[in-house]
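Dear colleague,

Please find the structure below, handed over for your own work.

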Amino acid sequence: MTTRTRYFVIASLLVLTVGLGTGLVAYYVGFPMSAFQRAGGPEELRYMPRDAAVVAYADVREVMTSQLRQRVHDAIPTPENGQQEFENQTGINIERDIDRVVACAQAAPDGSGVKGGGMVLARGRFDEVKIESLMRSHGAEAESYKGSRLIETYGPHQHQADHDTKFAVAFMEPGLVAVGTADLVRTAIDIHAGGNLPNATANEDLMTMIRSLDTGNNAWAVGRFDALRQQARLPEQVASQIPPITWFSVASHVNGGIRGIIRAETRDDESANNLRDVVRGFMAMAKLGAGSKPEMQTMLQSLELGGTGKTVALSFAVPVEVLDVISKGKRGH
Amino acid sequence: MTGTQRPTVFRSALRVFDLSLGQMLWSRRSVFLGLLVGGPVLLAFAIRAAVALEPRALPRVNGAAVSGGALFGMIIWLLYIRFIVPVLGVFYGTALIADEVDDKTITYLFTRPIPRSAVLLGKYLAYLVCTVLLVLPSVMLVYFFVVPLTGSIGDSFPSLLEDLAMLAVGLAAYGAVFALVGARLKRPLVIGLVYAFGWEPAVLLFPGYLKRLTVGYYLQALVPHAMPNDSAVSILMQAFREVPSLLASLTALAVITAVTLWQAGEAVERREYVLEQ
C-alpha cells in the first residue's frame, strides 16, 4: 500500500470514528445540542412547566394579516364574542396588541387528559395600568407575587367556589403577559423568580419536537399523545386500533392558504410502519372519495406521507380555493 | 525436486487487494467517484450555510419546513440508494476484470502462480474497501451537516448506524452482481447500466414476483427512512411496495453476494479471455 493510499484510509477511518464516537456520546449521554445549534423554540418556553403536556405557538401578527384570514373573515363573518369578551375582561385586543402567543396545557394529575390547566404567554404591547384597572373594575384582585404583578379573577361563566378554574393575568416582563389558570400562572412566576426551577426547555423530548418545527412555520403545536387521547375519551374499540403514539405535532404556515405537516412519534419502528399503512389507507379512500371535485383533488394530491424510523409525517397544503368552496357551501346553507 | 507451495486463494486475494486498492483510488475513475460522493456533501453544506444565514431557507415540502432528520432521509433515498450505490456498483464492479482485459494486462495477472479467482476476489475486496471508505464518510458528513438543523443527533443516531450498515451491504451486493456481469459478458457497462437503471426500477414498479430478482427490492427494505413521494414513479413504487422482513432481506443479500461472487470467480477461472489486437 502506498503512503498516500495509507493516508487516505487513515483520513477516511478518522472521519468515521469521530462521527460514530460523537453520535454514540449524543445517543447515550445526550450530547449538548448547543454545541451545534441554538436551544431552539421561542424564549417564552422558559416560563412554562417542564411537564407541559401540550405546547403551541402562533405568530398572531402573521396569521391575522394573512390573505387566508382576510378571505375567510370576508367570506364567513363570524361573531367575535370570545375575542370581545376577552377584551372586556382584560383590556387586551388580540388583533391589535399581540404579536405572538405561546400556550401550554398541563395534564391533569389523575391522568384524565389536559384539564390540569392552561396558560397563554402573549408577547406584544400592553398597557399594564389600564389592564389592571379594567380587571379590578370587573372584580379582580391584584397582588404582588414574587416581584410580578398578579391579577386574579373568576371568568364570566365560572363560580366563586371553583378554585381550580380561577383565572389570572401576570406581567412577566415588559411586553410579555401570562394569561391562564391561576395555578399555572403562579407556576410561571415561580419558574421566573426561582431561576433554576425546571422549565419546558429542560424537557429534551419536548424540545426535540419543537426544534423540528420552529423554523419557517407561523403556527405549531406539540403534545404528548396520551394526554390528548385521554382528553378525547375515545371508545375502547377505536383507541385499541390506534398504534402506540408517544408525541404528535402539527406545524403550519398560514398565508395565501395553509401548508403544514402533521407528525407522530410512535413507540417503535413497527408501530410507525403500521401507522403509515393506516394513513396510506385513509389517503387512498379520501382520493377515491374526492371524485370530480378538482379543488379537493388539489388538496388531496398535496398530501405526502413520509417520516423516518419512529416518525410518521404527513404534509398537506390547503389552497385558498378550497376554503372559498367551503365558505360558499356555508353561505349556501 | 523442491516445489514452492501454491498460495491459498485468500492469501493471493489479499496480495491482489493490496495492489488494486491504490490503483483503484488514484485512477481517473476516482475523479468521477469523488464528484459522486462529494456532491451530497456539498449540497448538505450549502443547505447548512443557507439556513445559518437565513433560517427560512430550510427546504420545504408543500410549503412546510422539512426537519433535519427527514431531509437526511430524503438524501439517503434519492441520492445514495437510488443513484450512488448502483452507479458505483456498475462502474467499479463491471470494471474489475473488464479493465484488465481492455488494458491487455490480464495476462500478467493470470501468469502469476495464484488461482485466477483470487484476482477477482482481491479486486472485489479493493472495490469494497475503496467505495465503503468514500461513501460512509460522505454519509457521515451529510448527517452532521443536515440533522442538527432541526433535529437531535442522539435521537437519530441508531438510524444513522442502520444507514451505514445498509449502504455497506448494498455496495457489497451490487459490486458482486456487477463483478459477475463484468466477468461473464461482453459490454458489461451497458448491460450493468440497463440493469441498474432500467430493469430494477421498472420491475419494482409493478406487483408480482419479478422484483425478488433485484438487489433493490431487498436493499430498500433495510432503509430506516420512509420512501419520499418525490415523483409519480415513487408513488407507484410505494403503492406496490412489499417490504420483506429484515432477516429475509439480509439473508437474500448475503446469498446474492456470495452466489454472484462465486459465479464470477468460476467464470474467471474457466473463461478464455481473448485480447483484441
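**Helix packing in chain B**

In this predicted model, helix 3 (residues 68–93) of chain B and helix 6 (residues 116–146) of chain B have axes that come within 11 Å and cross at roughly 165°. Angles over 145 degrees count as roughly antiparallel, and helix 3 of chain B and helix 6 of chain B are therefore roughly antiparallel to each other. The crossing of helix 3 of chain B past helix 6 of chain B is right-handed. Helix 3 of chain B contributes B:Gly68, B:Leu71, B:Phe72, B:Ile75, B:Ile76, B:Tyr80, B:Ile84, B:Leu88, B:Gly89 and B:Tyr92 to the contact, while helix 6 of chain B contributes B:Tyr127, B:Thr131, B:Val135, B:Ser138, B:Val139, B:Val142, B:Tyr143 and B:Val146. By type, the residues of this contact comprise 14 nonpolar, 4 polar and no charged.

**Nonpolar cores**

The largest nonpolar core has 89 residues, of which B:Phe72, B:Ile76, B:Tyr80, B:Val135, B:Val139 and B:Leu167 touch the most other members. Leaving aside residues up to four places away in sequence, B:Leu167 touches B:Ile76, B:Tyr80, B:Ile81, B:Val85, B:Val135, B:Leu136 and B:Val139. Another core, of 34 residues, lies apart from it and includes A:Val55, A:Val102, A:Met119 and A:Val185.

**A residue of chain A**

A:Leu288 is located in helix 11 (residues 269–290) of chain A. Its relative accessibility is 72%, so A:Leu288 counts as exposed. From C-alpha to C-alpha, A:Leu288 and A:Leu300 are 10.0 Å apart in space, and they are 12 residues apart in sequence.

With kind regards

Methods: Residues numbered from 1 in each chain as written. Chains lettered and ligands numbered in written order. Predicted model: local features only at pLDDT ≥ 70, side-chain atom pairs only at ≥ 80, totals over all residues. Heavy atoms only, no water. Helix = DSSP H or I, 4+ residues; strand = E, 2+ residues; numbered from the N terminus. Buried < 20%, exposed > 50% of the residue type's maximum accessible area, 1.4 Å probe, protein only. Axes fitted to C-alpha atoms, helices over the stretch in contact; angles between N-to-C directions. Parallel < 35°, antiparallel > 145°, perpendicular 65-115°, else oblique. Left-handed = near helix turned anticlockwise from the far one by under 90°. Contact = heavy atoms within 4.5 Å. Nonpolar A, V, L, I, M, F, W, Y, C, P; charged D, E, K, R; others polar. Core = buried A, V, L, I, M, F, W, Y, C linked by side-chain atoms within 4.5 Å.
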